[in-house]
Amino acid sequence: MKNIIIGALAFLASCAAAQAQSWTGKASYYRGRGRMTCAHRSLPFGTQVRVTNLSNNRSAVLVVNDRGPYINGRIIDVSTGAADILGFRRAGLARVTFEPGAD
């Protein structure tokens, strides 16, 4: 029982550390399930993130529901609907910043 509690506390601490970070880099889009969703390599499913397109300052709050991106140099994949709102679907890629724990 003690090991389970210690493991749970370690997991919660790692989630809190991940949510305190912000990332800047390239985003792409994919045909994901849901309009306002995204894929990230390590954030827990259900985490809300605010993604901001640095070229036009458009932002959206998305929910992590998938894993990815799997292409080097990309930090997040967003759904096609989110790419429309962020204004980069036609371009295919955008330089973005995002941080977990968005409202």
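Contact here means heavy atoms within 4.5 Å. The model is predicted: local features need pLDDT of at least 70, side-chain atom pairs count only at pLDDT 80 or more, and totals for chains, interfaces and linings use all residues. Residues are numbered from 1 along each chain as its sequence is written, and side-chain values use heavy atoms, with hydrogens and water left out.

**Overall make-up**

The protein has two helices and six strands, taken as DSSP runs numbered from the N terminus (helices: H or I, at least four residues; strands: E, at least two). Read from the N terminus, the order of elements is α-β-β-β-β-β-α-β. Of the 103 residues, 37% are buried, where buried means under 20% relative accessible area, exposed over 50%, and partly exposed in between (1.4 Å probe, protein chains only). Among contacts with a separation of 6 or more, 75% are between residues 24 or more positions apart.

**Core and aromatic pair**

A nonpolar core is a set of buried Ala, Val, Leu, Ile, Met, Phe, Trp, Tyr and Cys residues joined through side-chain atoms within 4.5 Å. The largest one holds 19 residues, and V49, V51, L62, I76, V78 and F98 touch the most other members. Two or more residues of this core come from each of β1 (23–30), β3, β4, β5, α2 (80–86) and β6 (93–100).

How many aromatic pairs does a search of the whole structure find? There is one. Rings of Phe, Tyr and Trp (its six-membered ring) pair if their centres lie within 6.5 Å; planes under 30 degrees apart count as stacked, over 60 as edge-to-face and the rest as tilted. The pair is stacked because the rings of W23 and F98 have centres 4.9 Å apart and planes at 20 degrees. W23 belongs to strand β1 and F98 to strand β6, 75 residues apart, so the pair links distant parts of the chain. Both W23 and F98 are buried. Beyond its neighbours within four places in sequence, F98 contacts S22, W23, H40, L43, V49, R50, V51, I75 and I76.

Strand β6 also contains V96, which is buried at a relative accessible area of 0%. Not counting residues up to four places away in sequence, V96 touches W23, T24, G25, A27, V51, T52, N53, L54, I75 and I76. The C-alpha atoms of V96 and K26 are separated by 6.0 Å, although the two residues are 70 apart along the chain.

**The loop between β2 and β3**

H40, S42 and T47 lie in the loop between β2 (37–39) and β3. Their accessibilities are set out below.

| Residue | Relative accessible area | State |
|---|---|---|
| H40 | 5% | buried |
| S42 | 52% | exposed |
| T47 | 6% | buried |

H40 touches W23, V64, D66, R67, G68, I75 and F98, leaving out residues up to four places away in sequence. A polar contact is a pair of N or O atoms within 3.5 Å; within protein, one must be able to donate a hydrogen and the other to accept it, and residues adjacent in sequence count only if both atoms are side-chain atoms. A polar atom of the H40 side chain lies 3.0 Å from the backbone nitrogen of S42. The side chain of T47 reaches the backbone oxygen of P44 at 2.7 Å. S42 and D66 are 24 residues apart along the chain, and their C-alpha atoms are separated by 9.8 Å.

The charged end of R67 sits over the ring of F45, 4.3 Å from its centre; this requires NZ of Lys or CZ of Arg within 6 Å of the ring centre and within 35 degrees of the ring normal.

**Backbone exceptions**

Most residues other than glycine have a negative phi, and most peptide bonds are trans. N57 is not a glycine, yet has a positive phi of about 65 degrees. N57 lies in the loop between β3 (48–53) and β4, and counts as exposed at 63% relative accessibility. The peptide bond from G68 to P69 is cis, with omega near -5 degrees. P69 is in the loop between β4 (59–66) and β5 (74–79).
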